[in-house]
Number of protein chains: 2
Amino acid sequence: MLEKINLKRKMSKKDYEKEFDDLAAKVGALQRALRDAQIPVIIVFEGFRGTLRGELINKLLSVMDPRGFRVYSASKTTEGQKTQPFFTAFWQQLPAKGAISLYHRAWYFLKNEHDVGDPDEASSWYEIEHEQINTFERELTEEGYTIVKLFAHISEKKQEKNSKKIDKIYGNGWGNLAPGGVEGIDYKAYYKVYEKMLEATDTVEAPWHIVPLEDMRVGVIAAFNIVIDTFERALQKKKQKKAGTIYFKKDSAVPNILSTFDLTKAISKQDYLVKLKEYQKKLESLQYELYKKKISTIIGFEGWDAGGKGGVIKRFTSALDPLGYAVNPVGSPNDWEKSFHYLWRFWQHIPKVGEVAIFDRTWYGRVLVERVEHFATVDEWRRAYQEINDMEAQWDKQGIIVNKFWLQIDKEEQYKRFEAREKDPNKTWKITPDDWRNRDKWDAYVDAVNEMLYRTDTKAAPWTVIEANSKYYARLKVLETMIARYEKVLK
Amino acid sequence: MLEKINLKRKMSKKDYEKEFDDLAAKVGALQRALRDAQIPVIIVFEGFRGTLRGELINKLLSVMDPRGFRVYSASKTTEGQKTQPFFTAFWQQLPAKGAISLYHRAWYFLKNEHDVGDPDEASSWYEIEHEQINTFERELTEEGYTIVKLFAHISEKKQEKNSKKIDKIYGNGWGNLAPGGVEGIDYKAYYKVYEKMLEATDTVEAPWHIVPLEDMRVGVIAAFNIVIDTFERALQKKKQKKAGTIYFKKDSAVPNILSTFDLTKAISKQDYLVKLKEYQKKLESLQYELYKKKISTIIGFEGWDAGGKGGVIKRFTSALDPLGYAVNPVGSPNDWEKSFHYLWRFWQHIPKVGEVAIFDRTWYGRVLVERVEHFATVDEWRRAYQEINDMEAQWDKQGIIVNKFWLQIDKEEQYKRFEAREKDPNKTWKITPDDWRNRDKWDAYVDAVNEMLYRTDTKAAPWTVIEANSKYYARLKVLETMIARYEKVLK
């Protein structure tokens with residue numbers, strides 16, 4: 001894409017000023033329109049070293065309302081963040097609806113940057129593939145995010161020239177705030193790497209725009225025009241009904257997985273108590289081993305109402321050091337959470353190194369309650385299977401142990417438990433009209449659970465269905481499953 | 001307080017089990033009641049090393065609903081957090097209304113711990129005074145937080161005994177998750193330090209409770225009883241109308257500070273443009289110096305509607321590297337923000353080392369709009385002057401440069417600007433019915449502003465009133481003021 005760009009164009013100060021004011025007013029008005037339309041925007045600004053694109057960014061900021069605007073740079077990623085899955089910080093920083101994030105360097109850390117000898121990039125955290133980037137961006141655009149991707153282009157000569165200017169302004173040691181150093185940079189090698197990257201990540205949803213910065217004025221006007229154009233398209237698009245990508249066809253036959261489990265499995269109280277103690281002791285020492293080896297865990301619990309999630313979680317956590325885990329309860333999203341991508345709130349709770357994050361209900365709400373209750377459109381929840389698989393694969397790739405449990409009881413058992421809860425004054429709080437309403441939709445939920453298990457039981461993040469008519473049996477099986485996984489990992 | 005405690009009591013397993021179930025049910029029920037009453041709770045658990053209080057915490061967790069419950073430890077404070085004002089992480093971690101935070105070691109890092117030879121504490125970050133702790137806790141309790149403070153007490157003999165047990169379980173290197181190491185710890189020296197700390201921080205709002213952990217069963221029952229008692233009191237207290245502490249009496253004469261400024265001050269456009277360029281250049285290099293020296297800045301802007309805040313902020317920020325600052329717009333708090341202490345949301349935006357945090361409207365909303373519109377009670381806003389002074393003093397103590405600007409225009413000038421905005425199609429969005437309504441309360445605002453300037457213009461965080469009838473003059477004075485402060489600091 002780079003060779004098509006004419007770097008020789010120049011612009012007089014007079015022409016520039018004439019155009020600039022007009023474009024500035026337009027950008028300002030569009031920013032307000034995007035806010036009113038509640039469209040979140042991400043501006044990605046990559047490019048050659050030494051383009052002085054900071055100046056351009058400042059121009060852009062100077063015409064925007066700084067409220068609802070945040071500037072980030074992946075160059076400022078902390079050591080702590082580098083212990084987490086690659087996109088974690090980017091997920092956490094997503095703009096809310098109607099807000100704008102601008103990245104002076106974003107997620108474009110590419111494997112082959114190593115080859116051009118940039119020592120900064122010599123960390124496995126940076127080993128990011130073109131495909132993963134495309135997936136991430138697609139997942140955002142499909143949820144209504146607008147991504148503007150700008151690439152600052154200059155010639156080798158200009159880079160050398162700017163390099164001197166940069167040295168003069170900043171000297172050495174300006175650290176994060178400095179435009180990337182240019183000394184010893186092999187322009188031609190970078191050119192090839194960038195060319196490859198631009199081609200591989202130039203998508204319909206998030207296309208690249210090359211900004212020629214050989215002449216700053218030309219660059220500013222070009223960038224403003226691109227921003228205006230993309231903002232206008234975003235407003236247009238919002239008005240149309242969008243069809244998302246469906247990865248799994250509706251018509252593929254989903255087997256009735258739930259029916260294959262034997263719910264009569266049980267264990268006596270006496271055996272249960274003996275084994276529970278034994279398992280908890282084992283878990284305690286495994287947690288210590290995992291902590292030492294810096295291996296984190298994410299465990300998700302789903303299941304029927306009154307399936308016994310709470311009881312299982314308590315037996316599991318009471319074996320652990322309280323400083324090493326957190327239980328994240330998941331309810332329907334509040335208004336603040338709703339102003340982000342639906343997966344955003346789960347990325348807030350990635351465990352710290354060596355720790356355990358437990359989710360009491362999970363990101364599978366999208367394909368369970370949101371599907372059954374029509375809170376999500378068919379497009380949205382069908383798309384979610386792949387989005388969730390992608391997310392969990394990223395966690396797995398970072399070495400996090402991911403396991404999901406479905407607590408399976410039958411309809412009669414649920415009825416018994418509901419009745420018992422209503423009668424016990426210590427437990428009535430556990431039962432709400434919602435629970436009875438959900439029960440009426442049992443069959444719809446069976447379909448949803450079967451499809452969920454079918455499509456998202458992956459090697460990276462397996463599902464374990466727990467026969468939970470017997471609470472004792474269920475608790476032990478969860479502990480057994482985790483012990484087995486831990487022992488396999490530690491072996 | 002420690003010597004009064006009888007460490008010799010023991011409890012049989014049978015007695016313990018009889019009492020425990022009853023207390024467990026009570027704790028569970030009270031947790032739900034607190035959630036319904038929307039009372040946020042913080043449980044602080046300090047104590048001697050080697051008390052095995054982790055076991056007790058696990059007992060407590062095992063009877064609570066893990067939803068709405070978070071466990072923290074100040075021992076896990078990261079290096080990044082240690083570059084921020086001491087209480088920053090604690091403010092950020094505050095539980096929302098109806099939730100509980102438990103600290104396995106909280107903010108009780110005391111100066112004289114150095115004296116007992118604990119190398120972990122040898123950092124200036126830990127230099128925290130009893131008084132600051134009391135202030136912090138009082139500010140929380142006055143906003144409705146309940147604080148349960150438990151101190152785990154054991155004898156020297158028991159400490160030695162537990163030490164061996166701990167070594168056996170954890171070996172070395174268990175790191176953060178380990179109960180503090182006990183080797184080489186001078187029990188008697190610690191005893192004195194703790195005694196002093198307990199006395200100095202035992203307050204009416206947040207009293208200490210000593211938990212004898214010589215016998216774990218005795219300790220568990222004692223701790224459960226304390227928790228139950230405190231929870232019950234909290235529910236009682238919520239029902240009563242509470243009178244807060246008033247630090248500044250109402251009747252003290254507040255001078256009309258605003259009337260002393262000469263609003264005819266102005267500057268020609270030509271002079272303005274020349275000086276603006278000069279100042280911005282200076283600011284740019286000062287920002288670089290401050291970044292290198294790791295000196296952060298917090299700037300707050302307040303002023304009349306149409307006072308020109310936006311224009312000032314733009315001229316200021318356009319001199320800065322966009323990666324080194326953030327503009328935080330402050331509107332009325334959303335529902336999520338409302339579920340915390342009113343200062344919570346500002347602690348989320350403490351600048352990173354060497355960076356600049358700009359607030360477009362600030363924490364002074366409490367004593368301005370909330371006072372005038374009666375969103376805060378008289379008690380609440382009168383209390384706020386001191387709370388805000390305390391907060392800013394903490395920032396200053398950490399080396400952050402804090403400056404606050406009030407943009408002062410007169411009523412006629414505001415009218416002119418409102419009219420102009422209504423006529424200009426590019427600016428009508430800037431004016432809302434609220435602006436006209438606020439204008440009707442001009443005199444009430446004058447009183448509020450005068451009292452704010454009078455009570456919160458401190459050496460740590462001075463106010464600069466800007467004569468802003470002339471926009472040019474105002475912008476230059478803000479830049480001048482910051483340049484002067486920066487040059488003084490860097491000298």
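**Close-up views of a predicted two-chain model**

**View 1. The buried residues of helix α17 in chain B.** In this predicted model, the buried residues of α17(B) are B:Lys471, B:Tyr472, B:Tyr473, B:Ala474, B:Arg475, B:Leu476, B:Lys477, B:Val478, B:Leu479, B:Met482 and B:Tyr486. The helix covers residues 471–490 of chain B, 20 residues in total. From first C-alpha to last, α17(B) reaches 29 Å, close to the 28 Å expected at 1.5 Å a residue.

**View 2. Chain A as a whole.** Chain A has 491 residues, and 39% of them count as buried. Its secondary structure comes to 17 helices and ten strands. Taken along the principal axes, the C-alpha atoms fill a box of roughly 85 × 50 × 40 Å. Consider the contacts in chain A with a separation of 6 or more: residues 24 or more positions apart account for 85% of them.

**View 3. Two domains in chain A.** The domain assignment gives domain 1 (2–239) and domain 2 (257–490). The C-alpha centres of these two domains of chain A lie 40 Å apart. Where they touch, 16 residues of domain 1 are in contact with 16 residues of domain 2. On the domain 1 side, α3 (88–92) and α4 (130–142) of chain A each supply at least two residues. The largest share of that side comes from α4(A), with four residues. By class, the domain 1 side has seven nonpolar, five polar and four charged residues.

**View 4. The contact between chains A and B.** How many residues does each chain bring to the contact? Chain A gives 41 residues, and chain B gives 41 residues. Several elements of chain A give two or more residues to the side that touches chain B. The helices are α1 (13–36), α2 (53–62), α8 (269–292), α9 (309–317) and α10 (335–338), and the strands are β2 (69–72) and β7 (325–329). The most comes from α2(A), with five residues. By class, the chain A side has 18 nonpolar, 15 polar and eight charged residues. The copies meet through the same surface, because 100% of the interface residues of chain A are also interface residues in chain B. The predictor gives the complex an ipTM of 0.77 and a pTM of 0.84.

**View 5. The axis between the copies.** Two copies of a chain are related by a rotation about an axis and a shift along it. Here a rotation of 180 degrees, with 0.0 Å of shift along its axis, superposes chain A on chain B. The RMSD is 0.0 Å. The two copies are therefore related as by a two-fold rotation axis. Which C-alpha of chain A is nearest the axis? That of A:Trp336, 3.5 Å from it.

**View 6. Two loop residues with positive phi.** Most residues other than glycine have a negative phi. In A:Arg105, phi is near 90 degrees, a positive value. This residue is found in the loop between β3 (100–104) and α4 of chain A. A:Arg105 counts as buried because 20 C-beta neighbours lie inside 10 Å. In A:Ala306, phi is also positive, near 65 degrees. A:Ala306 sits in the loop between β6 (297–303) and α9 of chain A. Is A:Ala306 buried or exposed? It is buried, with 23 other C-beta atoms within 10 Å.

**View 7. A:Asn450 and its contacts.** A:Asn450 lies in helix α16 (residues 442–456) of chain A. It is partly exposed, with 16 other C-beta atoms within 10 Å. Leaving aside neighbours within four places in sequence, A:Asn450 is in contact with A:Val254, A:Pro255, A:Asn256, A:Ile257 and A:Leu258. A:Asn450 and A:Leu258 are 192 residues apart in sequence. In space, their C-alpha atoms are 6.4 Å apart.

**View 8. Confidence along chain A.** The mean pLDDT of chain A is 89. Of its residues, 90% reach 70 or more. Over residues 172–180 of chain A the pLDDT is below 50. Beyond near neighbours in sequence, this stretch has 15 contacts in the model. Where pLDDT is low, the predicted coordinates should not be read in detail.

Conventions
Residues are numbered from 1 along each chain as its sequence is written. Chains are lettered from A and ligands numbered from 1 in the order in which they are written. This is a predicted model: local features need pLDDT of at least 70, side-chain atom pairs count only at pLDDT 80 or more; totals for chains, interfaces and linings use all residues. Two residues are in contact if their C-beta atoms, placed from the backbone, lie within 7 Å. Ala, Val, Leu, Ile, Met, Phe, Trp, Tyr, Cys and Pro count as nonpolar, Asp, Glu, Lys and Arg as charged, and the others, Gly among them, as polar. Domain bounds come from an automatic or database domain assignment. Copies are superposed by least squares on the C-alpha atoms of residues with pLDDT of at least 70 in both. A residue is buried if 20 or more other C-beta atoms lie within 10 Å of its own, exposed if 12 or fewer, and partly exposed in between; C-beta atoms are placed from the backbone. The expected span of a helix is 1.5 Å times one less than its number of residues. pLDDT is the predictor's confidence in each residue, from 0 to 100.
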